[in-house]
Structure formats: structure tokens, C-alpha cells
Amino acid sequence: MSDPDQDSAFEDTSLELGSSSVTTSQEDLPKISLLIHTMSTSDPHCETSSTLSFETNGQGRSLMDPLSASQPECEITTSFLSFSMSSSSPASRETLQVPRPKTHLTASFLSISMADPSSESKDLFSAQRLAPHRSTCVSFPNQVQKRLQAFNLSQKQLVRIKDSMQEAMRKGLKSPVQGVGALPMLPTYVCALPDSTERGHFLGLELSSTHVDVALLHLSGEEKQKARLKTQSFPIPAEVFKNKLFEFLAQCLARFLDDLGTSEKYFPLGFSFPFHCDHTSLNKCKLVKWTKDFYHPGVMGEDLGQLLQTSLTEHCKNYCIEVLAVLNDTVGVMMSCACEQEPCEIGLIIGDGTNCCYMEQVENIAGMENKVGRMCINTEWGSYGQIGELDDVLTEYDQLADKESYNPGICRYEKLVGCLYLCETIRAILATLSEKGELFSGVLAPSLLTKGILKFQDILDIMDEKVGLAKTKNFLTRQGLVPSNQDCFFVQHICQIVFTRSANLCAAGLAAIITHIRTSKHKSTLNISVAVSGAMYRGQTQYREIVQQTLKTLIPECTVNFVAAEGGVTGVALVAAAALRLRSRQEQVAGILAPLRLSTGVLEKIQNQMRQEMEKGLSKETHNIACVRMLPTFVRHLPDGSERGDFLALDLGGTNFRVLMVQVKSPEEGGVRIINEIYTISSEVAQSTDVQLFDHIVRCIMEFQAKHGMQDRTLPLGFTFSFPCNQLSLDKGILLRWTKGFKALGCVGKDVVQLLREAVKRQEHFDLNVVAIVNDTVGTMMSCAHTDPKCEIGLIIGTGCNACYMEEMRNVGTLDGEEGRMCINMEWGAFGDDGCLEHIMTSYDKKIDATSINPGQQRFEKLISGMYLGEIVRHILMDLASRKILFQGQQSSVLKTKDFFPTRLLTTIENGNQGLQELCAALEERGLTTSLEEAQLVKEVCHTVSIRGANVCAAGLAAVVDKIRENRQLEKLKVTVGVDGTVYKMHAHFARQLQQTVALLAPKCEVKFLLSEDGSGKGAALIAAVASLKEAQLPT
């Protein structure tokens, strides 16, 4: 939790200190000391004494002259003499003016001292320059130096803290319940950054310790977004925190809008609430604990968004204000810089307390249902150190300050960094050293024992570059002390070392977060922007210099740019704007994708329709009009393990085909051994003629046999032919139609085995023994059955989609005989060609069908297979772009190119192997520039299309397993499905969704899925082996 001071903007300027460094080779230098006594003209009793010391280089030249430098062996730092006047009006101060009567004169004096660069006590991470009016070499007594030495952190300590915090972050992300040593890492549900298309009026409401800030942000929605902002601040009366907090907030908003006289009535609102909260959505969170002595009854454990919404409804009746976001103040700071040219990915507050947030990949956050995109994480890093990670840097003074805090023992890191606790630590040092007689001549002022007496502004005054020494003396005098100049120098130095330690620790924490982001993005270097706010960071420009210098040392591979936050109230208004845009977009996208998200009822209807089509295809009377042809394969037996011998297999199922030699041996002899070669069928050959196509195939078989020394052998060959055929016997199949881009003339209606045999005859001195033609689905089933005897179903989900299963012969009406079983090639890709699936066909499906090479055919396959899934995604993306939901409405020409979005890209995206950054890069390589938010939407589209494909496939498979169960009159069926195909193999979500949906739709069937090993090749050879074995067993 943190509480930033938002009164002024951070200026990104280089630090110019009023000191100059010169060098000398002299070891012993003359020293001149002047005592200057100052008396006030308005108060004769007010007088001070100061010592002014000069050193010379022994050659008569003043060290104020940089030309007097000689060879560098030690370093001299000079601070300059300055005077300032203060009269009754602070505005009348002028430098180096002669005082007038009744005017107080304050003088700060020159300090020149020599510092040895080799000094072991020198802080490695200090800014290396001290502001004017600070002693550059404060000579503490040895015992005091030892006590304060612990504030000077080494590089080794800072690296350890960085690594330890990074580990605490990892633990916090890994578990939704905070474990030992884990940072809270709270999800904020802020997932969208403004993209300049937001339009309208948006309210921001920010609660702080003393006031409430309200802002009205008007966004034009233009390409070069220009925001108009109106703000107002309301002080919080003391009684408000007792029982009327949310009522007061609502009244502030009503008063603000009434004063503006706006005609607008609807206002989305973002609310910044700077306390530890647990979110369940962007606008729903519960307060975990109050901090910093804040308390309001009836809030702990309640939904803050609802509390505010209820008060708004009651007290802002003239307006419709909707709470869209409840945020931590740190998130508001980050979001206030979201419209920068390079949006900030980190928000940092260093004020009374400290906190940091950053954008994290959702897939890295435990407990998130949606694993796509990025989300802002509120680290609550102030709680770091709970299990002793900071014990080696804690001093006795830190422990004193902690003991007096409202929450002893917790928020260790915040107490070492935040300015509220920095003041208390310095006070503890001053009180302890006074009590021990090492400061203020042993006088312990009672005020130094009073908590809160030292304010952060006092620290800034003490460290002031112009009049710091005088400010120090004035502050100490007000505490009832009579400090010497040496006391003042000591106090300045104490403030400096505590201040420097805070900056170094802050840098170590920030380095941990930046390193985590870099490694998550798999980058060797990183350029990142950090939005910063808070009094600590703004109050002293030296703080920024120390943080930056330490970051360069700890993470030299990263370039960190700090951006001054305009204010958290602007940020929360921008979050509300982005949330409204995101909600509007999600509603549009949900409407577009709704037809692809099929309910269980719809899937059950598809299952029943598939069952009806199966019965129609098996019946002799209706077979010729059935869409699902249910073709007999004449495969009557599954492998039983007794098959032996060498067999050839030819696998033709697409633009690549294979020739295989399969050796089937006993398990003891090594089982099945396969040798294969892959050959290509060009599109010209695939769409030529029967002679050209089959001559090409035969030449490839001859080449294979020659390569492997098989020219003189004639082996039984199983021919895997993955196109719809009416099989009349085991070695005779009539091609019904081409699919998958094939269109060779003279093949449809002919026996493809005969076409192959005729091509063999056209070659001299060559012969083949084709014993079986099989579908690839049947081959897959046979391959898996060789491993699992319960495998009675084959399923292919690749370029195409099909299934087969073992049917009872009594149910096969197209063949004679009732004994035994036969494998039925369903050719279910044509399911729906009669229009029975029209109720699930979207406009995208219809466009794809109309532009395909086989319009009106294979309608079921076009919902599932890899040949069409990517095209469905492309058409949806085109529609989203036309509606200005994607790509800022720009319809790229590449997006209009067929097959621009291949299914393999969809599979890669769905498997989660690519983060959003990588997806953006992949799309950009294809000529499509995409933002992270758009990449997330592309992922959602891919997921929806994939899940629909898996679900409709599962509905068809559920019909098959239920039919097998009913055929055998079983209460419970255990069956294995042999599966092959790139979509099933490569797409993890598809396989899982398929299995889950089958279990849902066929609860009486226990279905096991077995991935096929070379089913279309090995399976074809096994069919040839079974056929050869059965033929050998026939009586002669």
C-alpha cells in the first residue's frame, strides 16, 4: 500500500549540483579556518557561529580555482558560500542582499574538505556527488561509524536482495494462496491498455490519506487521441473515516458534476483505493486490511465496488455512474502513462509507503481460468522480508522504528524504503546517538522521542542544496537543542545515508521485477518504461540519480526509462475507458462467435442425427441416398499377433505419399520394423489424369525398391487410399469422388486397384501383388489393434476427417451374411451434405464451402479438419476487421489471401507455445501488424473454432460408441479408439476437448484414445499380413 503525493509533476532533468571537484598530489595541505559570527538585526539574542575552512595546494593558488589542479591522487570537493534573507513574507527572500531592519539573516557557509577515494567507508552506490552545504567527509567517532556502516549496502547485498525478491515473486505467481516467502502478487484484472479508440466521458476517483481527487476525462476516440481533463480535490473531514466514507465519496462526485453543469448523464468510473485488496474481477474486490492507521467500520471483507455503487445510486440520483474498475493506487499511476508513445509496463510509488505493479502474462498467474493475454499484477512488495530476507540489512534503528509502528514485524521492505518510516528511522538514530552522548553534547530532547515529530519535508529541508545547513540548525533548534555546526553536519550525513539506502533498496526491488519481465519475454536485453510517482522520488532529484545508477549496476542489460505520472486519478479514469471499450468489444465478439459455441443440447442433436444417418447408410433400402455411406471394407479380422513376414504398403492420402516396407516379427525378434520414403504429388499431377497420376505413383514405388535392393522381390502390398470408395472386395474399391484438392480425370467411378495394376503393366520388368485396398482410417484402427486388442474404432483428424469401426455383420444390409463382424468405413465427412446440419452452419462455413473445390460436399469434414480450420479463422478475422474490432478496421490485403492463416499456425497459437509478443511477431512476418490486445482476440477466435471442431467430432464419435454398446447389449462398454492425424497429434486442446465431450455425450461408454504409430502405413501392411495369413489357412 502506498500514498503518493500528486501535487507536482516529476521533471526528467539531469542533476546539476553546485560543487566542483579538483585534484592535488600534496599529502599535507595548509588549512585556513575562519570563524564567522552572525547576529540577527531583529533579535539581538539570536546569534550563531560557523566555521569556514580553506585548504590550499601549497603553491599559493586557491582550491576554488580549478586551474590549480595537479596530478590526481585524492579528491577535493567544494561547496559554495551563499546567504539568504527571510522577512515576514517568505516571498521576499533574495540571495546576497544586504539585510534591512527587522529582517532575519541566515547564512550557509562554505565547506572545503579533502576526501580519499580509497576510503573503505565510501558508499559504492551513492550518487558520488554531494549537494552544497554538506560536509563531504564527516568524521564520526569510530563507534558511530560502526553503527551507521550497515546503511552502506554492498553490491553483493543488493544482488542477493534482487534475486531473493525475484524468487518471492515466482512463489507468489505460482500459488493463488500466498505461501511462506511469497509476495502477494495480487491479480488486478486490468488486462487492457487504452488504444486511442476510446471515446466519451470517464470519471476517476482517488482516495488518499487527506483528500479525495475527482477527475472527468473526455476522450475523442481520434487516431491522435487528445484528452481533456477537469479535476477537483476535496479535503476529508476527520469524522468521515468513522462511518461515512463511501457516502462522502458519492457526495464529492455529485458536487463535482453539479459544479461542471454537464449535460452528460452516464459516466463509467474508475476508483483508486490505496489499501491491500483481493480482486475477483476488475470491479469486485474485498478489503484485506487497513494500513497506516486508517480504519472505517463495516468495510473489511466487503465488496468495495458494490459499497461505492450503492452510495452512488443513493447520493448521485441525477447521474448514472457505473463503477467499472477498483484499483490500487500504484496501478493508477502506471495507467496514467498508458497513452505515452511507449506505454509503461511498470508502475512505481515511493511515497509514505512504497509499492510496484507490472504487466504479467496471464498464463504465469495461478488460478486464472482464462490463460490468454496479460494482466497487471499488484506486487504489494512492501511486505517483502516477512521471513527474514532483509535481516542482514536491518539496523538497530530500523528495529526501534519498527517496534513503534502500528504493524511491528511486517512490511519490512516498505519500512526501509518509504518516507514515513525513513523519518522514524532517522529520528531513532538521532535519539540513540544523543542518549549515548555522541550528538548534541549528550542532550536528548524529549521531542526526539516523539513519534511523527520528524516530517519528510524536514528531511528535504535538511538536504536542501542551497540552505540545508541553516535549515538543519533551525529544525534542531525548534526541538529545543543547541546544535554545533558539527552536529548539523552529522545530521545531514545521517539523512543522506538513510536516504541513499532507501534508493538502493528500491532499485534492487525494481531490478527484480525488470529481470522477471525480461526472462519471461525470453530476451537478452530489454528497454522498458516505468511510471513513477510519490513524494520520496520527486522530493529529491538525487534519489532518482541513485536509483538509476544502481539499476545500471544490477541490470546492465536493461535500459530503464522513468516517466513522471500525471496522477493516479487520471490513470483510473483511463482504466475505466479501456474497460468500457473492452466490454463493448467483448459483447460484439461474443455475438459473432456465439453460433460457434454449441450447447450440450445441440451436440446431442448432432449425435442423434449421426446415428440416424449411420442406420440409413447400413440399410440396403436407403444406402444409396445416405450421406454417411457406411462402406464395407471386407476387413473381417483384427490382428491377433500371429502375423509374420515382409510386406509393402502404399499410403496415398494427400499431396505427400509414402512407400513402406514393413517387417512383422514376434515381439522377441523386435516386433514391427518399418522402412519408408516420402514422395510428393504436385498439384499439376493431382489434377491431371488417371494415367499421369498412377504412372507417377508406380515410378516412385520402383525407385523405392531399387534404393532398398528389392527389385527382384514381389511382396504382398496393402494400398492405403484415403478417398471415398465403394469397396466391393478386399482388393477392389470404386472411387466415389475426389477430396483434399485431388481432381484427376478418369478416376471417379473406377476401381483404383485396377488403375494401379494397369500402371504397373505399363512398366517393363516390374510387378506388384496388391492384396488389399484400405482407407487410412481402417489402417489406423488395425495399427492400434496390433497393440491393444480392444481397439475397434479408427479415427483420423488431419487434413481430412473420417472414422471406421467394427460392425456386426447382421446389421450390414448391403452385404449377405450375418456371422461375425466387418470394419465399416463410415466416410462421415459427408455428414450434413443433405442439409441436416444447416442449424449449426455459420456464414463463415457457408463462404468456405462455396469457395471450395467441392461445394456442397464434405460439410461435416469442413467443420473439423485441418484443411479448413485455419480458413474459418481467417474469415472471422476479416469480419472483425470490417467491424473495426480488429486491426483498427484496416483490412490488410494479406488477410484476404486464401490460406493466409494455416491450421498449423492455429495449432501453435492454441498450444500456448507462443506468448502474445511472439504471436504479434508471427503475424507481422505474414504482413499483419497486431497489438497485444488484438493478438489476445486472435487467440480467442482460434480457441473457439478449435473447440467447435472438437465438439462436433465428439458428437459423431459418441454416436459410434453408443451403437457398438447397443449392438452388444452391454450396460457398459469399454473400447479403444485408434487416432491419427496432425490436428489430433499437434493440437493439445483439441484432443482434450474431444475426449471430455465424448465422455459427456456417451456416459455409458468408457472410451480410451490410443495414438496411432504410422497407422496408414503399418496398418495397411498388417491388413495385407492378416489377408495373407487367412488365405494360407484356406483349404487347397
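**Salt bridges, a sheet and a buried histidine**

The side chains of Lys985 and Asp980 meet in a salt bridge, with 3.1 Å from N to O. The term salt bridge is used when a side-chain nitrogen of Lys or Arg is within 4 Å of a carboxyl oxygen of Asp or Glu. Side chains of opposite charge can pair when their charged atoms come close. Asp980 counts as buried because its relative accessibility is 11%, while Lys985 counts as partly exposed at 42%. Here buried means under 20% relative accessible area, exposed means over 50%, and partly exposed lies in between (1.4 Å probe, protein chains only).

This is a predicted model, in which local features need pLDDT of at least 70, side-chain atom pairs count only at pLDDT 80 or more, and totals for chains, interfaces and linings use all residues. Residues are numbered from 1 along each chain as its sequence is written, and side-chain values use heavy atoms, with hydrogens and water left out.

The structure holds 43 salt bridges. One of them joins Asp962 and Arg965, at 3.3 Å from N to O. Both residues lie in helix H25 (residues 932-967), three residues apart, which is about one turn of the helix. Helices (H or I, at least four residues) and strands (E, at least two) are DSSP runs numbered from the N terminus. Asp962 is buried, with a relative accessible area of 14%, and Arg965 is also buried, at 11%. These two residues belong to a network of salt bridges that links Arg611, Glu615, Glu807, Asp962, Lys963, Arg965 and Glu966.

Another salt bridge pairs Glu808 with Arg810, at 3.6 Å from N to O. Glu808 counts as buried at 9% relative accessibility, whereas Arg810 is partly exposed at 45%.

Next comes a sheet. Six strands form an open sheet in the order E8-E18-E17-E16-E19-E20, with mixed pairing. Its edge strands are E8 (186-187) and E20 (558-564), each of which pairs on one side only. Two strands pair if DSSP finds at least two bridges between them. Strand E17 (residues 354-361) pairs with strand E18 (residues 374-378) in the antiparallel sense, over five bridges. Glu360 stands opposite Met375 in E18.

The last stop is His696, in helix H18 (residues 690-707). His696 counts as buried because its relative accessibility is 18%. What is His696 in contact with, leaving aside its neighbours within four places in sequence? The contacts are Phe657, Thr680, Ile681 and Val685, where contact means heavy atoms within 4.5 Å.
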